[in-house]
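Student: I am new to this structure and would like a close look at a single part. Please take one residue, go through its surroundings, and then connect that to the rest.

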Amino acid sequence: MCESHRQVRAARAVVARQADNKETNKRRRKDEQKTKKRRTKDEEKTNKRRRKDEQ
């Protein structure tokens, strides 16, 4: 395999890795948003319960 083919393959590998990272990051952000939403709901429930107990 000549040097130019290696360079082309290496460049394609880099591009593929970048695309994969982009998708992974997108999925990770989505998961983090879901977790944040769930935590917020849990905190609201806890706060509501505390206020109810204080009365």
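Tutor: Glu23 has a relative accessibility of 43% in this predicted model. That value counts as partly exposed, because the class covers what lies between the buried limit of under 20% and the exposed limit of over 50%. Glu23 also has a charged partner: Glu23 and Lys26 form a salt bridge, with 3.7 Å between the closest N and O atoms. The distance meets the rule, because a salt bridge needs a side-chain nitrogen of Lys or Arg within 4 Å of a carboxyl oxygen of Asp or Glu. In general, side chains of opposite charge can pair when their charged atoms come close.

Another pair is Glu3 with Arg6, whose side chains meet in a salt bridge at 3.7 Å, N to O. Glu3 and Arg6 are three residues apart in helix H1, which runs over residues 3–54, so about one helical turn separates them. For Glu3 the relative accessible area is 48%, which makes the residue partly exposed. Arg6 is partly exposed too, with 48% relative accessibility.

Further along the numbering there is a grouping of like charges. Lys37, Lys41, Lys45 and Arg49 form a patch of positive charge on the surface. Lys37 has its place in helix H1, and with a relative accessible area of 60% Lys37 is exposed. Arg39 is also found in helix H1; its relative accessible area is 53%, so Arg39 is classed as exposed, the limit being over 50%. From Arg39 to Asn21 the separation is 18 residues in sequence and 26 Å in space, C-alpha to C-alpha.

Now the whole chain. The protein contains one helix and zero strands. Its radius of gyration is 24 Å, well over the 10 Å that the globule rule gives for 55 residues, so the protein is more spread out than a compact globule. The C-alpha trace spans about 80 × 10 × 10 Å along its principal axes. Of the 55 residues, 0% are buried. The accessible surface amounts to about 5900 Å², and carbon and sulfur atoms account for 47% of that surface. As for charge, the protein carries 22 positive and 10 negative charges, and the mean positions of these two sets lie 5 Å apart.

Methods
Residues are numbered from 1 along each chain as its sequence is written. This is a predicted model: local features need pLDDT of at least 70, side-chain atom pairs count only at pLDDT 80 or more; totals for chains, interfaces and linings use all residues. Side-chain values use heavy atoms; hydrogens and water are left out. Helices (H or I, at least four residues) and strands (E, at least two) are DSSP runs, numbered from the N terminus. The radius of gyration is taken over C-alpha atoms; the globule rule is 2.2 Å times the number of residues to the power 0.38. Buried means under 20% relative accessible area, exposed over 50%, partly exposed in between (1.4 Å probe, protein chains only). Accessible areas come from the Shrake-Rupley method with a 1.4 Å probe; for residues, only the protein chains shown count as cover. Lys and Arg count as positive and Asp and Glu as negative; His and the chain ends are not counted. The place of a charge is taken as NZ of Lys, CZ of Arg, CG of Asp or CD of Glu. Patches are made of residues with over 30% relative accessible area and no salt bridge: like charges are joined within 9 Å, nonpolar side chains (Val, Leu, Ile, Met, Phe, Trp, Tyr) within 5 Å.
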